[in-house]
Amino acid sequence: MKRAGIVALNTFREAVRDRVLYNLVFFALVMMIAAILVGQISIDIEDEVMVSLGLSAISIIGLLIAVFIGVGLVSKEIDKRTLYALLAKPLRRWEFLAGKFAGLVLTLTVNTAAMAAGLFLALYYVKHSLQRTDAVVLVAVYFILLKLALVVALAMLFSCFTSPLLAILFTGGLYVAGLFVHEMRGVGSALISPGLAAILRGISYLLPNFENFDVMGAAAHGRSVAGALIAQNTAYAALYSLIVLSVAAAIFSQRNLK
Amino acid sequence: MTFKSYVALLVLVPLGFAGVWDLQKHIDASQSRTEVEDDQVILRSGKLVKAMSLEYAPLMADIYWTRVVQYFGNKHAGKQVDLRLLWPLLDLTTVLDPQLMPAYHFGSMFLSDAPPRGAGRPDLAVRLIERGIQANPDQWRLYYDLGFVYYFDMKDYPKASNAFLEGSKNPHALIWMKIMAAKIAAEGNSTETSVFLWQDVYNTTKDPEIKENAQTHLRLLRSAEDCQQLDALGDQYEKQFGRRPKRISDLVQAGLLRGAPLDPLGYPYTLSEEGKAQLNLDSPLLEKQVMEQRRK
Amino acid sequence: MAEAAIDIENLTKDYPYGFLQLKKKRSLEGLTMQVQTGEVFGFLGPNGAGKSTTIKLLMRLIFPTAGSARILGKPISDIAMHRNIGYLPEQPYFYDYLTAEEVLDYFARFHDFSAEERRARVSGMLKKVGLESAGQIQLRKYSKGMLQRVGLAQAILHDPEVVVLDEPMSGLDPVGRREVRDIILELKKQGKTVLFSTHILSDAEMLCDRVGVIVGGKLQGIGAPSEMVGLKAHGMEILFELSGVGESVRAVIAQATRTGDRYRLHVEESDLYAAIEQLHASGARILSVTQVKPSLEEYFMHLVAADRAQAAAVEVSGK
């Protein structure tokens, strides 16, 4: 496990030295400033706009990083053959995967925290004070992070057995599908046969449910989020990621490197 | 690069672009393209837009609401706005974010207000607010908005009173909700009630347009009351002198009035041919009053 | 009997290809051989013969279709055994955002060294492969030769018992190659086992205790370089100059190869002195007399040609 940690820290170091990451974070900060300005235009909803815009920026940038870099975690190492010398070390393949995952999640945590800090600064600047109700924005940011971790796991899974492009498409597709789980469950029996509806329902429970992590509305309007939901989402993200990574490790362990 | 080639570039590039500019103008002239109004609400289906917004629906709602305010808060001075777009925009906004309170509060105001300021559709305003109440049963202020529309625009006093009553049941509701309910049930239309409601709008909004509208209504109410009082004095004069007063100064001379009263904009009231009090012909308030009366 | 450092048994590897990956290309067939402790073993073969495949199978980068292997007595699936082996991949590439020092430090962390020892080994390695001054520069700025040296450094940094090098000389200039040769010889002196693949025959001849020649996925021959080509020299070669031409030498020089004024003549050892006398009598000036040793190259080319002929025959008949 300690060896996975070595890989994790190196992955983090790689991300920090990759200038693309800085550009994205800079972009996010620009969004915060834009949020302040937009707030001035929309009378009566300054707070809502700021929180919505800020959280949207954090979410979108986080997703871009999670998908694109997540897919590259494994495929880049195989393509560039940096992996070869590494696997000759006393390092198991699954330890390598675990380390890569942890490294990117750590990177995302730092990035997200930085952008969230920017958002809170912007909020403070506009409202001149922060209340306890603003804590729900923190919960929203935490949920975004949970969702990103799950996306990274999925990206790694797909990149273990398909080309980078397909991995990106599958991950993105699965993410969008995971946002419509609710719709899938409620498909009227008038449209499709009951059997098919039952199958869809079943699938809807197995798909990664990204709707769970969507609390932007609550955050924008300062409504609190149940503590139970926080615990449940954490467990859900952890469990689902574990399943995905285990499958990825199994596939990767059998994979012939070129 | 040599100095010569540098200079050549500095000269040729602007010249080149000047030529391009000129050429483009000719192309445009010969093409005679029509200007497409960028004022459309292309997607009407709330559910479709919500699906396309993925998890960013609250942000999209904010954007649509901003559009509503931009156009219907008359921010675009002099631009012809299509009032038929108001309802679709509000519909989309509230489907995307059912908790966006300002959309219900001010949206209903824009909808129920008479043209050219609003869409003149108090029925749609009621529909909007009822949707809001369904999504936010604990927001008692929505019942207030509902009562507002019933009272002012639909003049349905039983329904207005009922709305205020429902809202007052919420433990967080302010005490005057109950008072309003009772007052409207008892009196129907009254100046006091109207003043209270418009004063509340004036105090709570940050939008300058809406504030100005509220202020106008308050001034009209004030002047109506002033005129009523002046008419009462006129009745007294009639009793005393057997005829109605011809000018305000008559009342002053009869000792019924201390000085010439001014309307909220500072213009002195005048008396009509029949001896009834009215706004000064020079007062800008008169124009607003005429507009209001046209609505009725 | 001491256990072999590397023990390979019937190692076979098929690669699927084609539409739906139904066809199979056999890139290694039934390889069975051993590398003894402390010897330097060279894998020879043309490109695509199966040398890299064998090494990748050993390092578990790819998995065998059949067969097995053991290193230091342990099955190759034993991860702990990797503490004692070092590997230099073919055309190595490392994280270009790291410096050489950071890469070596990173790899070193997977072994249980104290921080002090790790530092010492890393700087020692940098010195050993001649990258002392470039240690702080990011690898993205390194030349191929410099990357090769970093690769070699990470392979031996932890003082492994068995060192496996895939084309260690590729991309190096003569100075670099000399340095690598010296390092391999030093490893041998330390009693390490070295397995390396190359297609530069002179290096193999110079360094290896034994070589294995792989052509077309099969082990064609294995043994000491001199063994493989026969112990006996094939006669003598006389290098001479001739100014005039006489009747007596015409017969002789007819069999000689001529380059300008110089001639080379092959004779059997037993005929050497007679030939020298004859040439001397004709006024030829003898420049040198050397033993003709058969080269590994001849043997090698012979094997390659044979394999190609066989492959062609298979294609013609086997379709």
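In chain B, take the contacts (C-beta atoms, placed from the backbone, within 7 Å) between residues at least 6 apart in sequence: 48% of them join residues at least 24 apart. This is a predicted model, in which local features need pLDDT of at least 70 and side-chain atom pairs count only at pLDDT 80 or more, while totals for chains, interfaces and linings use all residues. Residues are numbered from 1 along each chain as its sequence is written, and chains are lettered from A, and ligands numbered from 1, in the order in which they are written.

Let's stay with chain B. You will find 13 helices and two strands in it (DSSP runs, numbered from the N terminus: H or I of at least four residues for helices, E of at least two for strands). Its radius of gyration, taken over C-alpha atoms, is 28 Å, well over the 19 Å that the globule rule (2.2 Å times the number of residues to the power 0.38) gives for 296 residues, so chain B is more spread out than a compact globule. Its C-alpha atoms fill a box of roughly 100 × 50 × 35 Å along the principal axes.

Now look at where chain A meets chain B. Here 18 residues come from chain A and 15 residues from chain B. On the chain A side, helices H3 (46-79), H7 (164-179) and H10 (216-220) each supply at least two residues, and H3(A) gives the most, with six.

Finally, pick out A:Ala155. Beyond its neighbours within four places in sequence, A:Ala155 is in contact with A:Ala66, A:Val67, A:Gly70, A:Val71, A:Ala167 and A:Thr171.

How values were computed:
Two residues are in contact if their C-beta atoms, placed from the backbone, lie within 7 Å.
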